[in-house]
Amino acid sequence: MSNQLKNETSPYLLQHAENPVNWYPWCEEAFLKAKNEDKPIFLSIGYSTCHWCHVMAHESFEDMKTAEILNQYFVSIKVDREERPDIDSVYMSVCQAFTGSGGWPMSIFMTADKKPFFAGTYFPPHPHYGMPSFSDLLNAVANQWNNERVKLLQSADKMIAHLKNTRSDNRNAGNENFIENAVKIFSKSFDSINGGFGSAPKFPTPHNLLFLTLYAKMNDDISVLKMVEKTLTQMRKGGIFDQIGYGFSRYSTDQYFLAPHFEKMLYDNALLIMAYSAVYSVTKNHLYLDTAEKTAQYILREMTSSDGGFYSAQDADSEGIEGKFYTFTLCEILDVLGEEKGKEFAHTFDITASGNFERANIPNLLKSNDLSTDFSQEIQKLYDYRKNRTKLHLDDKILLSWNALMIAALSMLYRVSHNEKYLQAAKRAQDFIERKMCCGTRLYTSYCNGKRSENVFLDDYAFYIAALIELYNSTLDNGYLDKAQQINSEAEKQFTDRKNEGYFLNKAGDAELFMNPKETYDGALPSGNSVMAYNLVRLYQITENEAYKKAAENQIAFLSVQAQDDPAGHSMFLLAMLMYRNPPEHITIVLKDESDLKHIISDISFLSNISVVTESKEYPLINDRTTYYICKNRACLPPTNKLS
C-alpha cells in the first residue's frame, strides 16, 4: 500500500510512503482536496532521525484504525522540517503559542487556507499522563469541525492575530550592554562541576562557546575561557561524544554529558569543529585539536557522499531501540578485546557489568583523569564489531545550509591543523554545491536521489556566504571572495525587509503562509539574520567597502532590538557585534610569487582579516619580496616582509 509520498525524495517522507494514512506532501492538490471535501487538514512535521517521530509513526500512523479516522475526516500532510524550514518555523510558533512549548513530531490542525486552530507535538495511542489518545483527539477535532466550526475558526483567527501582533519591529533605545549582560547570564547558569550551562537536557550550542571564546580572547578574561574549556573537555570525555566512532550526538539527556539523545546531526558536528578549533587556536591544548580532527574523521568517513556533499544525519534508533547501536555490555567488550585489554579498556571507559545506561554501557571518559593512554587499536576493533552488529538509518539528504557550515568548519580546521585533507574536503563540497545546488547566484535548499528542491531560504544564502568567506581565508583565492559578494547581493535582493530592516526567512513578499518568519534567535543553529550580520562585518573588514559597513550597522541595529530581552539567546549576533567593535588585525598582502600563499596561510592568525592585492603605488613591494601591510588597534604598522 502506497500513498501520495511514494514519489518524494525526502528520506523522512519516504519513511511514511507505505503508511495506511493517505499522506500528501505539502502541495496545492492537498489543499484543494480539503477545500472541495470540506475537511480540516492534519499537518505532521518532523525529520527522518527524530526518535519520537518514529514512535508516533509506529503507534499511530501504521495503525489501521487510526489511519481510517484520519482518512475519513482529514486530509493529512507530511512535511520534512529540514526541507521546509519556513513551514516548520511558522507552525512551531503556533505550537508554542497553543501549548507553551514545541518539538517534533509537530501536530497541527488547520483549515484548507492554512489557518491553524489546534496544535501539539506527540500524542500517545492511549490516554497517558494527562494527554488524550491520538484517536480520541482526532474524533474530538472532527466532531468540533462538524458541529462547532465557528469556534474553531475564531480560534484560528485569534491565533493568527496574536502571532502577527508579537512580530513588532519597532525601534527603541533599549540597553546597549548586550555583550556584558550575555556573559553575566552565561556565567550565572554555568555548571562549574559538569560543564555546560543550566541543567538537563544540555545542548552543545557551539555558537555560544564561540562567542565566549572571542570575548575571553579580546578581554583577556581567563574565567570566561575556563567556562568554555570545562564545557568542551566534559563533552569530549562524555557519552555525547562517540568514543568509538567519533562525532557528537545532538544533546545530553543528563547534566553530566553522559547519556545523549543519540542522533547525530551534520550541523552540530560542523559547529563543534569550529568551537574546538577556535579554542585550540587560543590555548594550544592538543585535546581540542584532537577532538576537532576526530569529529572531522567521522564526517569524512561516514557522512560524505561519493560526490563530496555531506549527508544530513544518522538516527538514534537501531532495530527500534534508541542507542542500541552505541552501547555495549561488559561481556561484549571482553569478547572483542580479550580478557586483559578488555578489562583495561572497561576500567578506562566506564564499562561495568551493571551498566551506566539501561543495563548497558555508553563508553565515556568522565571518570578518567588520564586521557593520554592510547586505545586506538581497541577502538578500531570495537568500531568494526559495532558496524557489523546492527545498522543505523542514514538521512542522505544533502542540505545546502548544513553543508555550508561543514565547509566553513573544515576550512577553519585546516588553518589550525595545516592538514591539507580538510581543505580539500571543503573545496570538494563547495564544488558539489556549485554543480548540483546552484545556478549562478540562485541556490537550492536540498538535493537527494539526483533531484534538487525548488525552494530556497535565507539560511542557505547566509551560511553559504560564511562558507565562502572561510574558504577565502584558508586559500586567499579571490574567486571565493568574489562569489561571496555575489551571493550576498542576491540575498539582499531576495530576503531584505525594506520596511523594517532585517531579512525574512522566505523571499520578501512571499504569501504562501499567513506570515513570513524573520528569525533572529540563535537556537540549535544560528539564525540567518545573525549569520548575515557576521557576513556583512567580515565582508566590510576584508574589502573595506563602505557599503558593507552601512549594511552591517543597519543589521546590528535591527538585531539589537531583538536581543534586548534575551541577549544570551543571540550569541551569533553578539559575536558579530564583538568583531565589529574590536576588529581583528587587517593584513593586506602584496605577493611577489603565488607560491608564497601556502606558507603565508600557515602563519596567519585564526581570525585575521586578509586581502590580497597586486603591486601598486599605494601598496608597493618592499625589497622586491612579498610584503605585508598590517593594521591593528586602529593603527597601521610599517610595511614588512615578515608576519611575526
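This is a predicted model: local features need pLDDT of at least 70, side-chain atom pairs count only at pLDDT 80 or more; totals for chains, interfaces and linings use all residues.
Start at Cys50 and Cys53: with 80 degrees about the S-S bond, their link is right-handed.

**Stop 1: the disulfides**

Stay on Cys50 and Cys53 and display the sulfur atoms. They are joined by a disulfide with an S to S distance of 2.5 Å. Both cysteines are buried, so hide any surface to see them; a residue counts as buried when its relative accessible area is under 20%.

Next select Cys631 and Cys636. These two also form a disulfide, with their sulfur atoms 2.1 Å apart. The link of Cys631 and Cys636 is right-handed, with 95 degrees about the S-S bond.

The structure holds 2 disulfides. With the bonded cysteines of the protein chain numbered in sequence order, the pairing reads 1-2, 3-4.

**Stop 2: cysteines without a partner**

Select Cys95, which is in no disulfide; the nearest cysteine sulfur belongs to Cys53 and is 12 Å away. Cys95 counts as buried because its relative accessibility is 0%.

Then go to Cys438. Cys438 has 7% relative accessibility, so it counts as buried.

**Stop 3: strands**

Switch to a cartoon view and find the open sheet of 3 strands, ordered β8-β9-β12 with antiparallel pairing. Its edge strands are β8 (264-265) and β12 (394-395), each of which pairs on one side only. Strand β9, residues 313-314, is joined to β12 by 2 bridges, and the two run antiparallel. To locate the contact, select Gln314 and its bridge partner in β12, Leu394.

Move on to β18 (residues 586-590). There, 5 bridges join β18 to β19, and these strands run parallel. Ile587 has Ile610 as its bridge partner in β19. Are the residues of β19 (609-613) mostly buried or exposed? Of the 5 residues in β19, 4 are buried, and the strand is mostly covered.

**Stop 4: Ser530**

Select helix α20, residues 528-543, and pick out Ser530 within it. Ser530 counts as buried because its relative accessibility is 0%. What does Ser530 touch, leaving aside residues up to four places away in sequence? Its contacts are Thr520, Asp522, Leu559, Met572 and Phe573.

**Stop 5**

In soluble globular proteins, nonpolar side chains tend to be buried together. The largest nonpolar core here has 173 residues, and Phe134 and Phe211 have the most contacts inside it. Helix α16 (residues 400-417) gives the most to this core, with 13 residues.

Center on Phe134 and show its surroundings. Not counting residues up to four places away in sequence, Phe134 touches Phe42, Met56, Ser60, Phe61, Thr66, Leu70, Phe109, Phe123 and Pro124.

Conventions. Residues are numbered from 1 along each chain as its sequence is written. Side-chain values use heavy atoms; hydrogens and water are left out. A disulfide is a pair of cysteine sulfur atoms within 2.5 Å. Buried means under 20% relative accessible area, exposed over 50%, partly exposed in between (1.4 Å probe, protein chains only). Two strands pair if DSSP finds at least two bridges between them. Contact means heavy atoms within 4.5 Å. A nonpolar core is a set of buried Ala, Val, Leu, Ile, Met, Phe, Trp, Tyr and Cys residues joined through side-chain atoms within 4.5 Å.
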